[in-house]
Amino acid sequence: MGTFKIEGGHRLQGSIKPQGAKNEALQILCAVLLTPETVTIHNIPDIVDVNKLINLLSNLGVKVDQLGPNSYSFKADNINLNYLESEQFKIEGGSLRGSIMIVGPLLARFGRGYIPKPGGDKIGRRRLDTHFEGFINLGASFRYNREDHFYGVEAEKLKGTYMLLDEASVTGTANVVMAAVLAEGTTTIYNAACEPYLQQLCKMLNRMGAKISGIGSNMLVIEGVDSLKGTEHTMLPDMIEIGSWIGLAAMTKSELTIKGVSWDDLGQIPNVFRKLGITVEQQGDDIHIPAHTDGYQIQKFIDGSILTVADAPWPGFTPDLLSIVLVIATQAKGEVLIHQKMFESRLFFVDKLIDMGAKIILCDPHRATVIGHNFKSQLKATTMTSPDIRAGISLLIAALSAKGTSTIHNIEQIDRGYENIEQRLRSIGARIQRLDTN
Ligand SMILES: CC(=O)N[C@H]1[C@@H](OP(=O)(O)OP(=O)(O)OC[C@H]2O[C@@H](n3ccc(=O)[nH]c3=O)[C@H](O)[C@@H]2O)O[C@H](CO)[C@@H](O)[C@@H]1O
Ligand SMILES: C=C(OP(=O)(O)O)C(=O)O
């Protein structure tokens, strides 16, 4: 188990460039299975989950060439489907959430797709019904082995149809889209998720020869084609990382510039931070956060009632930033109710913040009220364990603002999604050290 030692209470300064988007990368990498031609991808984040998926693709027979630090080419012209039956696949496929999205492309191109129960954050029940109901609608037969949690779908030829997804699942929509692009006839997916991750996937698939319309809306119409060709694709900057750096700047009263953020793809994110009283300035395609020397004041609703920040499927506010919003509220002036609607186990990390001196009432598993200190009382350093990726980065931000030296264990959670985190933080003045505990 890896550990960070963090000496908090210091101001940071400088600029930071966000990595490529993790959740986009996981979709885009699975899409290389849809064509025997070469797909070249840039701005791939060098993070544990993405590297695990690249390794899995390679074990499936995809030829992988690293062209630069964050660029790779992939050629899926000789796929080894036997790997799907191996014990190795049960371990590797089950070690991250994103692996679930190999099923759609494999089913569409090779007539069968299998997956063990995928991993990822333990942040609540994370069912896969939307994915498999989608494949069944396209004509696949489905089986599930309850003993070893192994899922399988098979079909000689998928057939386009109309479907209304039971929920706007991000990975579920990506999976069904990747199956439908090679189906016979037209597929309409209503209640589709439409995060920038999915918009990027659909645009890339269209460049490969797919016929998808409605991109960015909750109704995608897909005219099936016989085959897809190679293409080149560049990942957007990671909007969750961008939000993390906005929070870090505010909470440590630091002046930070976040470079190349792709403003048009940030949706609600800048406005939610503004509602917390943080000055988020647009400078070209950068975000500039001035030093909040006098703190930041949470706004109220027009009628004077307490602000609520809640998650919702895109274009709502992403659940992946709520833990960060919660942490920075602990030093704001004012109160906010954080409502995590999607996941029932994502707020329990507030215990650690309460230990550090934060004023938080966990109302129930989905809601927490935060009463900000307005920097009148600094958080106290402590020893903690990161339960999931976003709680991990939130605790790291708390530790950087706290007085004294904190220890965070289980930093593998943070490494799942943040590239080279300690070097990048050190480059803006953070005092953080990775301890090798092996
Ligand atoms: C690899 C990847 O891309 N992971 C992201 C993806 O996970 P993932 O695609 O696994 O998450 P889903 O979108 O399927 O939804 C997650 C959970 O939220 C619930 N749910 C979902 C939609 C909805 O309208 N109502 C609802 O209640 C579902 O019960 C589900 O258990 O999307 C999540 C929701 O943005 C993000 O937190 C994850 O970071
Ligand atoms: C929940 C997340 O990731 P995953 O779906 O990979 O567990 C996340 O990125 O915040």
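Two strands pair if DSSP finds at least two bridges between them. Strands (E, at least two residues) and helices (H or I, at least four) are DSSP runs, numbered from the N terminus. This is a predicted model, in which local features need pLDDT of at least 70, side-chain atom pairs count only at pLDDT 80 or more, and totals for chains, interfaces and linings use all residues. Residues are numbered from 1 along each chain as its sequence is written.

View 1. Strand 9 and strand 10 (residues 186–190) are joined by 3 bridges in the parallel sense. M163 has I189 of strand 10 as its bridge partner.

**View 2. The contact of helix 1 with helix 2.** The axes of helix 1 (residues 22–31) and helix 2 (residues 48–59) come within 10 Å and cross at roughly 5°. Helix 1 is therefore roughly parallel to helix 2 (angles under 35 degrees count as such). Helix 1 contributes K22, A25, L26 and L29, and helix 2 contributes D49, V50, L53, I54 and L57; contact means C-beta atoms, placed from the backbone, within 7 Å.

**View 3. The shell around ligand 1.** Of the 18 residues around ligand 1, those that come nearest are N23, S169, V170, T171 and M342; a residue is near if its C-beta atom, placed from the backbone, lies within 6 Å. Helix 6 gives the most to this shell, with 3 residues. Domain 1 (3–19 + 237–435) and domain 2 (22–234) both give residues to the shell, so ligand 1 lies between them; the bounds come from an automatic or database domain assignment.

Terms used
Chains lettered and ligands numbered in written order. Axes fitted to C-alpha atoms, helices over the stretch in contact; angles between N-to-C directions. Parallel < 35°, antiparallel > 145°, perpendicular 65-115°, else oblique. Contact = placed C-beta atoms within 7 Å.
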